Each structure stands twice: as C-alpha cells, then as structure tokens.
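Visitor: I am new to this structure. Please take a close look at one part, pockets and the elements that line them, and explain the terms as you go.

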Amino acid sequence: MPELIPLYSIKVICCNCEEEFSTSRVRPSLKRAIRRDADFCSYYKEENPDYYVVRVCPKCGFASTENSADKLVDWQRKAFNEQVGTRWKTRDFGEKRSWELALESYKLALICAQSIKDKDRIIASLLHHIAWMYRYQGDSAQEQRFLRYSLDEYVKVFENDGMGGNDARLMYLIGELNRRIGEFHSAVKWFSRLINDQRITDAAMIRAAREQWALLREQMRGEDIDPDALAGI
C-alpha cells in the first residue's frame with residue numbers, strides 16, 4: 001500500500017481581495033497527537049497541523065484562519081491595505097511549511113487581525129499559537145513573552161464576552177497561563193474560581209483545574225512559597 005501523503009490542498013476565497021487561492025491542510029486521519037501540554041499545545045509524530053492553521057492569500061497578503069470573518073467591510077480593507085497590503089510582495093504559503101514559514105504565517109495573521117480590529121478571542125489565539133511555535137523550538141524567552149501577550153488578551157475576552165463569567169475552558173486557560181509565567185497568585189485565583197463556581201458544570205475543565213492546582217502547589221513549594229498562604233481549594 002502506498003504511503004499516505006500527509007498534506008492535501010483546499011481552495012479558499014480571500015476575505016479581503018476575494019481571489020481564490022490554494023492552501024494546505026493535514027489529513028484528518030493523521031492528526032493524532034502523541035502528547036499534549038496542559039495549555040492544549042499538541043505534538044505530532046508526522047506533519048504538525050498547527051503549521052497550517054493560517055491561510056495566506058498570495059495576491060494581497062491577507063492572512064486569516066477559518067474562524068476569521070468571511071468578508072471584510074470597507075474600513076477594514078482600507079486599514080489592512082494601509083498597514084500591510086501596500087508592503088506586500090507576492091508570496092505563496094500554499095505548500096509544505098517549515099517552522100520558519102509557519103511562524104511567519106502566524107505573525108502575519110496577527111498583524112492582519114490587529115489592523116482590522118478582529119475579535120479579541122482570535123487575537124488571543126494567534127498570540128498563544130505563536131508562543132507554542134517558540135515552545136516547539138525550545139525558545140523559552142520568546143515563548144514566555146507571547147504567553148504573557150496572549151494571557152492579557154484572554155483576560156480581555158473573559159471580561160468582555162466571557163459568556164456571563166461561565167466560560168470554564170477560558171477560565172482554566174487563564175489560570176494555566178498564569179502558572180506557566182510564574183504568576184502563582186493569579187493562577188490560584190483562577191483555578192479556585194473555576195472549581196468553586198457552582199454554576200460551572202464542565203467536569204473535564206474542573207478536573208483539569210484540580211490537577212494543575214496540585215502541580216502548582218508542588219511548583220510553589222519548590223520555590224519556597226507556601227501555597228496555603230495564597231488560597232485554599
């Protein structure tokens with residue numbers, strides 16, 4: 001049996017210039033992660049699907065994800081063109097991507113999202129994915145930098161449209177990112193809030209918060225911090 005090629009091509013309509021272009025995706029049957037970090041960063045034996053999340057229009061340079069708007073309005077097109085489009089030189093991101101190309105696609109998508117004032121949740125996710133890209137390379141300084149940026153955006157999402165303060169996955173993620181950047185007091189606060197809020201019924205996220213709280217306690221003891229002095233769960 002011939003070996004299955006991990007990538008396949010799909011057609012996408014650019015939400016800025018409305019031209020059709022091709023971009024690659026990883027076959028669903030090959031999207032099996034070999035392990036996953038507590039903040040949902042996944043690792044793959046074969047091609048990494050995260051490398052292909054961003055679709056980049058080769059004609060105008062607008063980069064987006066499947067969660068982005070289908071079509072830009074006039075003021076967004078104008079803002080994108082002024083900040084990005086006028087400097088774009090035709091390039092094709094549609095084939096197999098190296099780590100460098102994948103990182104570039106995420107940073108381009110971030111600039112595009114910021115230029116059109118896209119949803120906070122999309123910007124937070126792009127920043128988080130950039131942190132993962134640096135984690136794959138073992139660049140902890142840049143990873144920490146982008147984790148902080150994404151954390152700020154996730155908190156903004158929670159404050160502005162956190163589904164009535166009952167978005168368990170978002171609360172968990174805010175707690176976990178605080179733990180990862182060493183903001184232990186804030187991590188305790190968010191994990192505690194998730195576990196003790198009677199309105200939250202997401203058993204998987206409650207269990208994950210308890211597991212990370214236990215890990216956090218050990219982490220704090222390792223740095224001579226008394227976990228019971230901060231909060232109790």
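Guide: Angles between axes under 35 degrees count as roughly parallel, over 145 as roughly antiparallel, 65 to 115 as roughly perpendicular and the rest as oblique. This is a predicted model, in which local features need pLDDT of at least 70 and side-chain atom pairs pLDDT 80 or more, while totals for chains, interfaces and linings use all residues. Numbering starts from 1 along each chain as its sequence is written, and side-chain values use heavy atoms, without hydrogens or water.

H3 supplies the largest share, five residues. By class, the lining has seven nonpolar, four polar and seven charged residues; Asp, Glu, Lys and Arg count as charged, and Gly is among the polar ones.

H5 leads on to helix packing. The axes of H5 and helix H6 (residues 184–196) come within 7 Å and cross at roughly 160 degrees, the angle being taken between N-to-C directions on a scale from 0 to 180 degrees. The two helices, H5 and H6, are therefore roughly antiparallel to each other. Their crossing is left-handed, meaning that the near helix is turned anticlockwise from the far one by less than a right angle.

H3 leads back to the pockets. The second largest pocket has about 360 Å³ of space and is lined by 16 residues, with Val 53, Thr 65, Glu 66, Asn 67 and His 129 nearest its centre. Strand S2 (20–26) and H3 are the elements that give two or more residues to this lining, and the largest share, five residues, comes from H3. Seven nonpolar, four polar and five charged residues make up the lining of the second largest pocket.

S2 also has a partner. Strand S1 (residues 7–13) pairs with S2 in the antiparallel sense over seven bridges, where pairing takes at least two bridges in DSSP. Across this pair, Lys 11 stands opposite Ser 22 in S2. S1 and S2 form a hairpin with six residues between them, and in the turn Glu 18 has a positive phi of about 65 degrees.

Note on methods:
Helices (H or I, at least four residues) and strands (E, at least two) are DSSP runs, numbered from the N terminus. On a 1 Å grid over the protein atoms alone, a cavity is a set of points where a 1.4 Å probe fits but cannot get out, and a pocket is an open set with protein on both sides within 12 Å along at least five of seven lines; lining residues have an atom within 4 Å of a point. Grid points are joined across faces, edges and corners, and a volume is the space filled by probe spheres set on the points.
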